[in-house]
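The sequence and the structure are shown first.

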Amino acid sequence: MPCRSWFRRSVAGLTTVPRILMACFAVLLAAPGLSAADEETDWTVLTVARNGNWGIARARTRSEAIAGALDRCQAMTADESDCGGELVAFRTGLALALMCGDHRVIVTANDSDEADSSALERLLALRELYGPDFPACRHLLRIDSYGALTTFKARRVEGGYSLAAPE
């Protein structure tokens with residue numbers, strides 16, 4: 001008899017079944033919205049090698065984006081390179097890469113002003129560390145989380161920090 005009580009209407013109640021069905025239906029309706037939110041949070045990865053080669057990739061997972069960026073960086077040269085030696089991964093905002101001889105300065109930020117100030121802070125720290133022998137710098141590229149890429153023409157400036165014009 002106790003087994004039958006699980007199936008009796010008074011115990012399970014007719015109102016719980018429609019509630020469960022409505023909850024399942026609501027989850028199914030919300031599922032496309034959840035996948036659209038995931039697309040907005042794709043990972044963007046930028047890697048820059050010491051020789052100036054770079055790779056960028058955007059993917060759903062960070063590991064896929066890293067692998068894609070490494071592949072693209074390696075494809076830029078036939079020689080051995082240190083692609084992946086330095087990389088940044090971000091979901092929102094932008095990344096800025098500068099080359100100072102064979103030194104890389106790669107920063108991420110929420111906006112261009114923040115990226116420029118972070119890069120300048122890093123360059124000042126490197127200049128303090130290496131002294132007057134620190135090479136002049138040039139902008140290499142800027143990439144935002146939507147994939148908009150800006151590359152820069154190299155322009156050497158005395159003092160080490162160039163504000164090159166975008167191509």
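## Cys137 and its disulfide

Cys137 has a relative accessible area of 1%, which is under the 20% cut-off, so this residue is buried. The model is a predicted one. A disulfide connects Cys137 with Cys100, with an S to S distance of 1.9 Å. The link of Cys100 and Cys137 is right-handed, with 110° about the S-S bond. Distant parts of the chain are joined in this way: Cys100 belongs to strand E4 and Cys137 to strand E6, 37 residues apart. Cys100 also counts as buried, because its relative accessibility is 0%.

## The second link

The count of disulfides is two. The other one joins Cys73 to Cys83, again with S to S 1.9 Å. The angle about its S-S bond is -70°, and the link of Cys73 and Cys83 is left-handed.

Cys73 is buried at 0% relative accessibility, and Cys83 is buried at 13%. With the bonded cysteines numbered in sequence order, the pairing reads 1-2, 3-4.

## The sheet

Strands E4 and E6 belong to an open sheet of four strands, ordered E5-E4-E6-E7, with antiparallel pairing. E5 (103-109) and E7 (149-151) are the edge strands; each has a single partner strand, so one side of each lacks a neighbour in the sheet. From one strand to the next, the twist averages 15°.

E4 and E5 are paired antiparallel over seven bridges, with Leu94 opposite Ala109 in E5. These two strands form a hairpin with two residues between them, and Gly101 in the turn has a positive phi of about 65°. E4 is also joined to E6 by seven antiparallel bridges; Leu96 has Arg142 in E6 as its bridge partner. E6 (residues 137-144) and E7 run antiparallel and are joined by three bridges. Among the residues involved, Leu141 has Thr151 in E7 as its bridge partner.

Seven of the seven residues of E4 are buried, so the strand is largely enclosed by the rest of the structure. Both faces of E4 are covered, with Leu94, Leu96, Leu98 and Cys100 buried on one side, and Ala95, Ala97 and Met99 buried on the other.

Methods:
Residues are numbered from 1 along each chain as its sequence is written. This is a predicted model: local features need pLDDT of at least 70, side-chain atom pairs count only at pLDDT 80 or more; totals for chains, interfaces and linings use all residues. Side-chain values use heavy atoms; hydrogens and water are left out. Two strands pair if DSSP finds at least two bridges between them. Axes are lines fitted to C-alpha atoms, for helices over the stretch in contact, and angles run from 0 to 180 degrees between N-to-C directions. Buried means under 20% relative accessible area, exposed over 50%, partly exposed in between (1.4 Å probe, protein chains only). A disulfide is a pair of cysteine sulfur atoms within 2.5 Å.
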